[in-house]
Amino acid sequence: MISLILTILYLARDTVHRWFTRVSSPIARILVVYFLTLSALAALGSYVISLNVVRDEIIKRGGDMVISSFSTSADHTVYLPSYKEMSDILDADTYILKSLGNVRLENDRNVSAYTYPFNRFQQMLPLMSSTGRPTLVQNPEKSHLPEGPSSVKVQGAREEVLVKNLPEGHPLRRSLPDGIVLIVAPDGIPPSMNANTGGYTTMVVRVRHLTSSQSILRVEQFIRHLQRFEHLVGNVVSVSDLLRRMDIVLDKQMQCRIAFCLGISAIVGILLTALAGMEYRQNEYIYTLMKSFGIHPLLLVGAFIVENIILVGISFVGAIATFMYFQRIIVVEILKLGNYSLSLEQIASEIAIISYTLLGCILVSSIPIIAAAYRQIGRVLK
């Protein structure tokens with residue numbers, strides 16, 4: 001045990017001594033790995049930033065939503081899933097609105113009126129007036145009515161309503177065609193609207209985690225099955241075709257990313273293999289003597305592997321730190337993508353790809369060392 005510890009200490013001392021006597025060798029490895037890794041992070045990080053910007057823009061424009069409209073009749077009982085059922089099945093936020101026709105505002109503007117199923121009462125309660133009166137909910141970016149009490153005309157009759165702004169990020173903000181609708185509680189429908197309770201029903205579904213077109217296609221499939229089983233006639237609107245085409249592009253880009261990392265690994269692997277082989281040959285006589293004294297060749301190979309891991313690790317960490325520090329310049333000045341930044345979590349997969357390729361380079365570079373370390377002692381000491 002003591003001899004093993006002494007051997008390891010000697011190999012460590014010999015490695016440090018080589019670093020100081022031939023400074024160019026460790027510096028060359030550090031700089032090459034550092035700049036190649038930094039270049040890879042800049043390229044792959046730019047890809048991730050561009051992808052996130054496009055995804056955010058798609059979501060901002062309603063790309064994470066599926067809207068379905070289907071006709072119903074007053075004498076046709078239809079099963080409409082509750083909010084919890086849709087949440088558990090699809091991992092999505094859903095809103096179901098039943099058309100009640102149109103109402104006229106004080107400025108003679110026509111607005112659609114809706115009610116909702118009883119099983120959606122708790123979900124719709126935050127949007128409704130505390131007194132139970134009909135509520136005009138609006139997207140303040142499209143409709144600019146002052147919040148508070150107001151009134152509407154329903155077939156000539158005046159109804160008191162309350163105007164409320166939809167919360168920021170609410171799914172209905174992006175699904176209201178005119179930016180405003182009248183929401184009426186199912187137990188508070190005015191008599192003038194009762195004749196319209198068998199109109200169209202609109203289902204608004206927002207996928208919580210939009211990762212690919214499959215997230216949207218899953219919702220579409222569920223709604224189509226529901227329409228078929230309930231004998232409903234309607235349509236389903238989404239951007240699944242656009243997302244499907246984007247998935248194809250992203251798949252091709254993933255192949256390019258892997259090829260890019262393999263190219264970098266080839267350069268690093270050639271460098272590490274050449275330097276390791278050269279340094280071993282320069283000290284081969286000493287290492288062979290150590291083998292003749294009973295030192296296992298794997299210890300000699302392990303010393304070179306650990307040396308490369310330390311140097312490559314320092315370069316790798318330095319490249320990551322540099323990229324995270326200067327990424328704002330890349331995003332704002334070079335890519336012109338605005339105020340956007342990446343976290344380590346967002347580029348964790350890119351960091352993993354690069355680290356695996358570098359680790360493979362280190363292992364590949366040890367192959368010549370293994371071949372030399374297991375040469376017969378007599379051939380070296382003759």
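User: Buried or exposed: how does S365 count?
Analyst: This is a predicted model, in which local features need pLDDT of at least 70 and side-chain atom pairs count only at pLDDT 80 or more, while totals for chains, interfaces and linings use all residues. S365 comes out at 1% relative accessibility. Buried means under 20% relative accessible area, exposed over 50% and partly exposed in between (1.4 Å probe, protein chains only), so S365 counts as buried.

User: Which helix is S365 found in?
Analyst: Residues are numbered from 1 along each chain as its sequence is written, and side-chain values use heavy atoms, with hydrogens and water left out. Helices (H or I, at least four residues) and strands (E, at least two) are DSSP runs, numbered from the N terminus. On that numbering, S365 sits in helix 10.

User: How far apart are the C-alpha atoms of S365 and I270?
Analyst: Along the chain, S365 and I270 are 95 residues apart.

User: What distance does helix 10 reach from its first C-alpha to its last?
Analyst: Helix 10 runs over residues 348-365, which makes 18 residues. The expected span is 1.5 Å times one less than the number of residues, and for helix 10 that gives 26 Å. The model is close to this, with a reach of 26 Å.

User: What arc do the buried residues of helix 10 cover around the axis?
Analyst: The buried set in helix 10 is E350, I351, I354, T357, L358, C361, I362 and S365. They lie on the same side of helix 10, because the arc they cover around the axis is only 145°.

User: Buried or exposed: what is R257, given its relative accessible area?
Analyst: R257 is found in helix 7, residues 240-282. Its C-alpha is 9.1 Å from that of I353, though R257 and I353 are 96 residues apart in sequence. With a relative accessible area of 7%, R257 is buried.

User: Which element gives the most to the lining of the largest cavity?
Analyst: The whole structure has 1 cavity of 30 Å³ or more, and about 120 Å³ of space lies in the largest cavity. Its lining includes L51, R55, L243, M246 and D247. Helix 2 and helix 7 each give two or more residues to that lining. The top contributor, with 4 residues, is helix 7.

User: How many charged residues does the lining of the largest cavity have?
Analyst: Asp, Glu, Lys and Arg count as charged; Ala, Val, Leu, Ile, Met, Phe, Trp, Tyr, Cys and Pro as nonpolar; the others, Gly among them, as polar. The lining of the largest cavity has 6 nonpolar and 3 polar residues. The number of charged ones is 2.

User: What volume does the largest pocket have?
Analyst: Of the 17 residues that line the largest pocket, the closest to its centre are I59, K60, R61, R173 and R174. Helix 2 (24-60), strand 1 (65-71) and helix 5 (171-175) each give two or more residues to the lining, which divides into 5 nonpolar, 5 polar and 7 charged. On a 1 Å grid over the protein atoms alone, a pocket is an open set of points with protein on both sides within 12 Å along at least five of seven lines, a cavity is a set where a 1.4 Å probe fits but cannot get out, and lining residues have an atom within 4 Å of a point. With volume taken as the space filled by probe spheres set on the points, the largest pocket comes to about 450 Å³.

User: Which residue with a positive phi follows helix 2?
Analyst: Helix 2 has 37 residues and reaches 52 Å, close to the expected 54 Å. The residue that follows helix 2 has a phi near 90°, and that residue is G62.

Methods:
The arc is that of the directions from the helix axis to the C-beta atoms.
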